[in-house]
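Keep the structure open as you read.

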Amino acid sequence: MRKSISVAFFSLVSTLMVLGIVLMGASEWVLFKNYFAKDRYETLDQVVGVTQRTAQYLVQQAELPEGDELDALSTKLEIIGESAEAYLFFTDNDGRVMIASSPDKLESLTVPEEMMEKIDTADADYYHVFGTLGGMLDGKSYITVSEMRNENGQPSGYLFLCSSGEQLTQFKQQFWSNFLLSACVMLLCASILTKILMRQLTDPLQKVTDAAQRFGGGDLSVRVEGVEGEGEAADLARTFNRMADNIQMNDNSRGQFMGNIAHELRTPMTTIKGFVDGILDGTIPPDMQNHYLQLVSEETGRLARLIQNMLDLSKLESGEYQVNARMFNIWETITGVALSAEQRINDGMIDIDGLTMDEKVLVYADPDLIHQVVYNLLDNAIKFTPAGGTIRFGVEKLGPEAEISIWNSGQGISPEALPYVFQRFYKEDRSRGLHARGAGLGLNICKVLVNLSGGQIRVESQQGEWCRFVFTLPTVTPNPGGMKRLPDEAGGEPTVEDPASMKPVE
């Protein structure tokens, strides 16, 4: 991964830099070249006035000067040319050279006909060109051409002012050598910086890759270490660590869940096998067989309830149930559940306190979910309330939520066990002797359902005296979007199946 990302990133940066350098060099060269040409042409144009007066003197002569007069005129032209760092010459209307300041720079004494045609057709006062005038000059030069006229205003010839292009050639060589050197330094610095930046980018990615490979190999304890900061790579490392924590937590929870299932299934199955084997091998006498068959039936029922409870819990976390929340009177639900358990309450000689049909406290939740919660808590209270004990119901409205409580007298729960009562398969009685038919799933389902309804559940107890379960529900309609699902113990998001299909949880 590091190599592929590094190569791709370096190739991209290098390509962009090379393109940028080429474009910058080409644009700068065009800019300098045009500036250089403009400067030379402006200088030559400024010399035209001086040369024009000299040319007038030449035009006034009927014939070309000879002897000392020609030498004097040539000297004047040389002085003018040197002042402008140029050389000049005059031609007649046909392009034949009449006099020149530097004859040695002329390869021919006649301007090519095609060049004269271009000069004649030029609209501007001065004709500018860069070149050798069709091979007439010994090297490329900046040339300004001006038309000469006599006293009558008739064309009498042309003035050519030439500035050597060698300076441009020298400037070109120096420019490109300096530019290429600067470009190499820029590329070298860019390569070093790119390598440093890529290391900062790819090192965290490599750590995440190594951790992911080890994690995929079964080492769920591996985490990405040493990645800090606020960049995307650091966010990826933190996200991986959170994912690994959740997966490890779920794996541990799944392992514990499977162990508890195996234990809970083994207990009734061992009992059933023992009783059936006793009947088959004659250890249990015929007159006792009906009694033990009744015990086998009860254990089979316990096994069926355990399996149903596990199915219910699985459905709660499967995402299949759509919460149908609405406003309803919580007292109607409490009263209905209490009346359905009236026979068990009477058989256990338990007193009911606080139950009323006159009060009305509206809550916003799914009535089916809350019915299952109240049923499970009341069932738990009946099981652990001794004969002659009391179960007390209470509802109190506290602003935007209502607090529902179910209190029962009895042994209560030890302080050490309070933090764990809502865990799956948790039983304070480890021997499974007392109320062994319970599977330890009812309170866990209560927690999932209450959280799903937007409330919280807790337990309070005074060991040896009483125990009270309290849960809250919203009393107002929440914002659009419904109730949010709260994570369960394993870190997942609980959802529920239709509670009407659930069996009583013990």
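Thr144 sits in strand β4, which covers residues 141–149. Helices and strands here are DSSP runs (H or I of at least four residues for helices, E of at least two for strands), numbered from the N terminus. With a relative accessible area of 0%, Thr144 is buried; buried means under 20% relative accessible area, exposed over 50%, and partly exposed in between, using a 1.4 Å probe and protein chains only. Leaving aside residues up to four places away in sequence, Thr144 touches Tyr41, Leu44, Asp45, Val48, Tyr126, Tyr127, His128, Leu159, Phe160 and Leu161, where contact means heavy atoms within 4.5 Å.

Before going on, a word on the ground rules. This is a predicted model, so local features need pLDDT of at least 70 and side-chain atom pairs count only at pLDDT 80 or more, while totals for chains, interfaces and linings use all residues. Residues are numbered from 1 along each chain as its sequence is written, and side-chain values use heavy atoms, with hydrogens and water left out.

Now zoom out for a moment. The chain has 10 helices and 12 strands, and 40% of its 506 residues count as buried. Of the contacts between residues at least 6 apart in sequence, 68% join residues at least 24 apart.

Leu133, in the loop between β3 (126–131) and β4, has a positive phi of about 55° although it is not a glycine. Met349, in the loop between α8 (342–347) and β7, also isn't a glycine, and its phi is positive at about 50°. Buried or exposed? Leu133 is buried, at 3% relative accessible area, whereas Met349 counts as exposed at 55%.

Another loop residue, Lys360, lies between β7 (351–353) and β8. Lys360 is exposed, with a relative accessible area of 62%. Not counting residues up to four places away in sequence, Lys360 touches Asn329 and Trp331; its C-alpha atom is separated by 6.4 Å from that of Trp331, 29 residues apart along the chain.

Next, find helices α7 (residues 330–340) and α9 (residues 367–384), whose axes come within 9 Å and cross at roughly 45°. That makes α7 oblique to α9. Axes are lines fitted to C-alpha atoms, for helices over the stretch in contact, with angles from 0 to 180 degrees between N-to-C directions; under 35 degrees is roughly parallel, over 145 roughly antiparallel, 65 to 115 roughly perpendicular, and the rest oblique. Which residues meet? From α7 come Ile330, Thr333, Ile334, Val337 and Ala338, and from α9 Ile370, His371, Val374, Tyr375 and Leu378.

That brings us to the largest nonpolar core, with 43 residues, where Ile330, Leu377 and Phe471 have the most contacts inside it. Such a core is a set of buried Ala, Val, Leu, Ile, Met, Phe, Trp, Tyr and Cys residues joined through side-chain atoms within 4.5 Å. Helix α9 gives the most to this core, with eight residues. Leu377 touches Ile406, Leu443, Cys446, Ile457, Phe469 and Phe471, again not counting residues up to four places away in sequence. As for α10, 10 of its 11 residues are buried, including Leu443 and Cys446. After α10 comes Gly454, with a positive phi near 90°.
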